[in-house]
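Let's walk through a protein model together, one step at a time. Keep the picture open as you read.

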Amino acid sequence: MPKRTDIKKILIIGSGPIVIGQACEFDYSGTQACKVLKQEGFEVVLVNSNPATIMTDPELADKTYIEPITVDAITKIIAKERPDALLPTLGGQTALNAAVNLDKAGVLKKYKVETIGANIKAIKKGEDRRLFKQAMEKIGLDLPKSDKAYNLEDAIEVAKRIGFPVIIRPSFTLGGTGGSVAYNLEEFRGLAKRGLEASMISEILIEESVVGWKEFELEVMRDLKDNVVIICSIENFDPMGVHTGDSITVAPVQTLTDREYQKMRDAAIACIREIGVETGGSNIQFALNPENGRMVIIEMNPRVSRSSALASKATGFPIAKIAAKLAVGFTLDEIPNDITKETPACFEPAIDYCVVKIPRFTFEKFASADSTLTVSMKSVGEAMSIGRTFKEALQKGLRSLEIKKFGLESMLFNSLLDIEIQNGTMEEILQKLRVPNAERIFYVGDAFRAGMDIEKIHELTKIDRWFLHNIKEIIECEKEICLSKDNLNETILKKAKEFGFSDRQLAKILGKKEEEIFSLRKKYNIEPAFKLVDTCAAEFQAFTPYYYSSYDK
Amino acid sequence: MNAILALENGKVFKGKSFGASGERCGEVVFNTSMTGYQEILTDPSYKGQIVAMTYPLIGNYGINTEDVESRKIFLEGFVVKEYSKIASSWRSEKSLGDYLKENNILGVEGIDTRKLTLEIREAGAMKAVLSTLDMDEKSLVEKARKSSGLVGIDLVKEVSIDKKYVRSGQKDKFKVVVLDCGVKYNTLREFAKRHCQVVVVPSDTSSEEIIKLKPDGIMLSNGPGDPAAVSYVIETTRKLIGKVPIFGICLGQQMLGLAMGGKTYKLKFGHHGVNHPVKDIRTGKVYITVQNHGFCVDIDSLNKKDIEITHINLNDNTLEGMRHKRLPVFSVQFHPEAGAGPHDAEYLFDEFIEMMKKHKA
């Protein structure tokens, strides 16, 4: 299907000010959309109140309105500009909510503005938890048990019926605001009240807790010909109970067999079709019971999301750019893969590295904030890293956070050679493992340093044993480095670099200067290779210079 | 234990063994699937090949008894970047390393599989040797060069069963004879799902014997190596065309192509992965398909008066599916049975059921 010619002017809604849960990722997607649509000859009108965005640069759209993203303001813009279409799926939740409200106010109908990407019906079906639940039941997908309530009294009745712990999720909010877990009735009262207040329509969903289950996400794309592809699979290091935005996440999935992965893929495809997102990307989340493999669908975002930005950079597949093209009628097989040029965008990227995203917190700037991680997002940013192994990517990611850690360093122990366990140390570790928090990853390292085993740490954190085993290997390597003292030989140094240790981290472990490690590395000729992110695991030639470093030969 | 992979072009890769010890020759190919190593190991089509996984972290979820695709491991060796020493899954029964050892298959880790893949992409699939015994690089390269390779070798006889067997379900509506050239269990599962009794017969079963079984349809299965080397199956196929509905998968398509007068050729490094876009020309829809083949039917060699092209690979425009214009015969180059990989192309089994239904009526 070629480009649509019945629409000429398209309105794009940006995501407004940066808040926790909605940051520059939507500037990235919106900017991509502006560029692509202009290139394709459409007249682009943009509304965004945030001046510190690339999309509001004068040359990006044909007309840019720095106005509040409200029904009133956008209505005036629509009345003046008379766009043929509205593209609401690239400006995060703000844009999606604005589109729903414009529809409700009758503005879209009055000015004959067509929503492209996802229509209003699909947006509602994806976002309204009751409609979503009905839709998923219709196609036979399993969900956590749930019901919704509009006041505290009903809420308590529902919670009692489902049994604690339960999750409280307000409908129509930003970044999971107001969402929380309640372990007992007492906690529930306060949390449910707050949830009702956070919802734009005073509605909460009370849900069976799947806290501690494995969490996965799939980034899905669909075109007008109903071709559907999975761009990226993501596995969360932190199990269910921690908001995805606050979780360490890993691409691709690590601990699913092909059968389980394909079942999830089938479910994701059925989901996007049933919800009716006609074109573009959606993000679909699943939880899986690690004891028996029961898989439930958690939610879908019928739009480009925070994870889409990550998935784009993790795979080399430009989700926002392709989503914009699909919205105006192109199909996936008509769009070339930018990186390989020869092959089409209608495929599923194969990656030959491991990607780790680590959230960045700034609790030090919010003295009164509770640093416990829950289902409401608290991180203010993130770093992504690529390595040939999870170990390498994890350590690269940790030092990218700029929190004065240069890898998986210790929180508690000064001397790594003889770990001194003082009074209260074990208690502190147990506490930090049990309750998710910003520094938990470092405490997992310290738990291994203190002699705890995988089973015990798994029991406390529910983090998959595969991840824990990899962290254990990092700590064992650290021990080897410690023990080598002044005889850091080529074999150990090479292994350390392959495991993602930085020169600075090694220097600290050995009480040396970073320069000394650097010279030693030069002496042994241990240098990083730069490998390509090419969407295809080297099967085809790549033309885009997008690299990551790795100590792999 | 140290291990070496030596290629016929003189390139040598050093790693560590995590499977059995020994020495085996084979054609080295790369597979780009990120999941499904267990299905890949037990896919008989890999007979004669050493498989390198482009995804670097392998073994993560261990091995279970449900996900096997045949009765044992047929490939010659398995090469990965990092072997996971832990198997983390509620379904895992043993580690990948133990599984390889039990089957006496070499497994090597610590290889820069991306570098190896680039080597294969440039030079094509190559003859190679994998060894934990001989550490002399020159000697190994020589062994790789002297090994037989795949062209002109009948590998089907090495993987096919000795005796026919029957799998019946409840309410079976059709009887499908599967000519086993290396069939994957998922093909049989797909038939069972659609109420078909399957009779799996050895690859050298004659057309007369097959007809005697009174099948409603015949499945020409996937299998290893060079299609031109299995002349007896091609001959059998030729005699069956037009008599009973035939559905060919992978090697099955190649043998059908040859039986209908076409030619096959060897691809540079083949298609081995689960992300190949294939267009069904009849509908314009694109399916993400599972692929595992080194040979291909030459699109230009087909008699277009009789044969309709139904599927095409969007990456390189090679032939992916064809259908006889008048007789009940069709085939695809990819794997609609999946295992490992997406289920997008399952509809072809439904088409075969329809074809059998029509032919029966």
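Predicted model: local features only at pLDDT ≥ 70, side-chain atom pairs only at ≥ 80, totals over all residues.

Residues are numbered from 1 along each chain as its sequence is written, chains are lettered from A and ligands numbered from 1 in the order in which they are written, and side-chain values use heavy atoms, leaving out hydrogens and water.

Chain B contains ten helices and 19 strands (DSSP runs numbered from the N terminus: helices are H or I with at least four residues, strands E with at least two). Its radius of gyration is 20 Å, close to the 21 Å from the globule rule for 361 residues, so chain B is as compact as a globular protein of that length (the radius is taken over C-alpha atoms, and the rule is 2.2 Å times the number of residues to the power 0.38). Of the 361 residues in chain B, 68% are buried (under 20% relative accessible area; exposed is over 50% and partly exposed in between, with a 1.4 Å probe and protein chains only).

Now for the rings. Over all chains there are 19 aromatic pairs (rings of Phe, Tyr and Trp, the last by its six-membered ring, with centres within 6.5 Å; planes under 30 degrees apart are stacked, over 60 edge-to-face and the rest tilted). A:Phe164 and A:Phe188 are edge-to-face, because their ring centres lie 6.0 Å apart and their planes meet at 70°. A:Phe188 is buried at 0% relative accessible area, while A:Phe164 is partly exposed at 30%.
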